[in-house]
Structure formats: C-alpha cells, structure tokens
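Here's a quick briefing on one protein chain, grouped by topic.

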Amino acid sequence: VFCVAGYKLRWQNGLDELSQHNQQQLQQFVGHIESQLARYEFLPELVAKNSQLVDVLNNPHNATHIGIVNQFLHEINRITGASDTYLMNREGLTLAASNWQSAAPFVGRNFSFRPYFIEAMKGKLGRYFALGTTSLKRGYYFAYPIVQGTRIIGVIVIKMDLSDIEQRWADRETRFLVSDRYGVVFITTHQPWLYHTTKPLDEETRIQIINSRQYGDEPLNMLTVRHHQWLDSGDRVLQLSAAHNNQTPRYLATSHALENLGWEATILSPLKDIQHNSLINMLLLALGYSLLLMLGYLWWLRHLRRLEQQRDNLEAQKRLE
C-alpha cells in the first residue's frame, strides 16, 4: 500500500509539472499561429486599393489589363510568401490569379460558394480555412471587397499556406493539433490524425461541410479517444488514434480555445517518462521498505540472541551458586 501510494504521488506530481510545461508550449504554439495569420490579415484591404484591379473588373475581356494584374498578383505572392492571390468579379468568377501559368490555374473558376466570398460581398473581411478545390492544398483565406464609389464590384483573395506551421513544430515527441468548431483536425504534426474529427458529426453538420467543399472529399472519420483521467486544471490523460488500437501511447492533453477563430489548439505530451519515473520511484520505495524490514528482522534476531544469552548466563550463575 505504501509503495502504491508513492507511485500515485509521483505520478500526480509528474502530471502537474508536465501540465505547466504544456501550458507554456501551447502559448508559444498559439502565438505562432496568430502571428502567421496577422501577417496576411491586412494585405487584401491594401491590395484592393489598386486601380488596376478595378480596370480588369470593368473590362474583363481586356487581355492586356488581365496580363498586368496576373503579374501584379504573382509579385504579391513572391514578396509576401502567400500561397495564392486572385481576383473575382461579383458573381465569384476568377478573372486574374497569381497562378495563371500553373497546370491548374484559378482563372475561369467560380468560387462564389465559398464563405469568404459571401462575407466579402457583404463589405466585410472574409476569413476562412479550407482545402483548395483546385490545388487540393490546405490554406487560410482572407477576402476583401473591391469598391467603386459605393458599389462592390469584386473581391480580392489572398491564401496563406498553413503547412509551415506544422513543419515548424514537427520532429518532436510532443504532438500538436488544431481543430475547427466541428472538431475536424486540419492542422497537426501527426499526419494520420489529419481530417479526422475529435467528436461525432451530426448529419446536418456533415452535409453542410460537404456542400461548402471545405475539406474536399475527405471522409472525416472520427478519432478513437479513450479518456483515463481528468486533472483539476482541465487537462486530460487520454489515448488518441486514427484506428481502434489499444496499444497507442497515453498523452497528457492541454487545450486552448482561439475564440476569435472558432478553433481549438491542443498539445499532447506522451506520458512514458512520467510512468517510467513513477515505476522507478515505486521500486525504490519497495527496495527501501524491504531493506528496512530486513534491518528490522536482523535487529530482532540480534535482540532475541541477547535475551537467550542473558538467560543462559543467569542459569549458569544459578548453577554456580
């Protein structure tokens, strides 16, 4: 019982220490995401003020104007590191794009179904994460209306690649993931978890995601989550896997809500070191307890021997008397 109590105490102390470390790591991770998004947030509004975009929207069949804007958008990508930049008219038809020379250009494609376009056409900054329907690459989209007078005549979109975030935080035992408001994992340093959900999707939500083409044709299967322990801090000890596998490692999961984005970031740290240290602590306690028992037993034997010797001496003395 004493050894088990020692194991539990070392286990809990290890969890508390790891929880504090997770909080620090998670703050850095969330800060990195927010700083990356902040780099691009102001760009669409700035680009939307370029008069050449207005010229193309007013004269969509002028090849010279379109060629100039294509080059301009390509230059924006080169300078800012954006993934794609493209111009759409009021109907959502792409008139010019930074990737006009690629094998699958956006020019001629209609993205009016995308929520970022709908928001921009309302005069707002559109923000949206999705899997590209043409490029099949993940990205975060910023869209801004192009206004002529008091009328919105088009939308400029800048897409940033989120894979750099994964690469920055990969190559470590600790796992990171970001899920949307539906629980769909769209950023993770452990690729088997990508496009899986952390909670069940009801049929209405699944249809909504499919219609928006947010995650393409991904099946959005649910991750297998097994909870083992909840901490007072709100952290969880759990197993997480993309398949039904009882041999998956246990993690301490710490989460943080990015409320302005509707996302949740989670860090998962493996518990094998804590378990190893707890077992060693229990073994040391067991060894120490066994040593004390042995020393106590030896002392008792020695004490009995002294008593016997005293009795023998008394008996010998009586015989002599």
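Are F129 and Y215 buried or exposed? F129 is buried, and Y215 is buried too; here buried means under 20% relative accessible area, exposed means over 50%, and partly exposed is in between, using a 1.4 Å probe and protein chains only. Keep in mind that this is a predicted model, where local features need pLDDT of at least 70, side-chain atom pairs count only at pLDDT 80 or more, and totals for chains, interfaces and linings use all residues. Residues are numbered from 1 along each chain as its sequence is written, and side-chain values use heavy atoms, with hydrogens and water left out.

**Aromatic pairs and the cluster**

- Using ring centres within 6.5 Å as the rule for pairing Phe, Tyr and Trp (its six-membered ring), with planes under 30 degrees apart called stacked, over 60 edge-to-face and the rest tilted, the count comes to 15 aromatic pairs.
- F129 and F186 make a tilted pair, because their ring centres are 4.2 Å apart and their planes sit at 35 degrees.
- That pair ties together distant parts of the chain: F129 is in strand β3 (residues 126-131) and F186 is in strand β7 (residues 185-188), 57 residues apart. Helices (H or I, at least four residues) and strands (E, at least two) are DSSP runs, numbered from the N terminus.
- F129 has a relative accessible area of 3%, so it counts as buried, and F186 is buried as well, at 0%.
- F129 also pairs with Y215: the centres are 6.1 Å apart and the planes are at 45 degrees, so this pair is tilted.
- This second link is a distant one too, running from F129 in β3 to Y215 in the loop between α7 (203-212) and β8 (224-230), 86 residues apart.
- Put together, F129, Y140, F142, F186, Y195, Y215 and W263 form one aromatic cluster.
- Elsewhere, the charged end of R175 sits over the ring of W193, 5.9 Å from its centre; the rule here is NZ of Lys or CZ of Arg within 6 Å of the ring centre and within 35 degrees of the ring normal.

**Nonpolar cores**

- A nonpolar core is a set of buried Ala, Val, Leu, Ile, Met, Phe, Trp, Tyr and Cys residues joined through side-chain atoms within 4.5 Å. The largest one has 49 residues, and F29, L87, Y140, I146 and W263 have the most contacts inside it.
- Helix α1 (residues 2-41) gives the most to this core, with six residues.
- A second, separate core has 14 residues, among them F111, Y116, A143 and V157.
- What does L87 touch? Leaving out residues up to four places away in sequence, its partners include L53, V56, L73, L95, I146 and I156, with contact meaning heavy atoms within 4.5 Å.

- T205, I209 and S212 are the buried residues to look at in α7. They're on the same side of the helix, because they cover an arc of only 70 degrees around the axis, taken from the directions from the helix axis to the C-beta atoms.
- On the other side of α7, E203, E204 and N211 are exposed.
- What do the buried residues of α7 pack against? They pack against β3.
- D202 caps the N-terminal end of α7, with a side-chain oxygen 3.1 Å from the backbone nitrogen of E204.

**Positive phi**

- Most residues other than glycine have a negative phi.
- Y195 has a positive phi near 65 degrees. Y195 lies in the loop between β7 and α7 and is buried, at 8% relative accessibility.
- R213 belongs to the loop between α7 and β8 and is partly exposed, at 30% relative accessibility.

**Two more residues to check**

- Q25 is in helix α1 and is buried, with a relative accessible area of 18%. Apart from neighbours within four places in sequence, Q25 contacts W169, R172, F176 and I267.
- T198 lies in the loop between β7 and α7 and is partly exposed, at 29%. Apart from neighbours within four places in sequence, T198 contacts G183, V185, M222, L223 and V225.
- T198 and E218 are 20 residues apart in sequence and 15 Å apart in space, C-alpha to C-alpha.

Note on methods: Polar contact = N/O pair within 3.5 Å; in protein donor to acceptor, adjacent residues only side chain to side chain.
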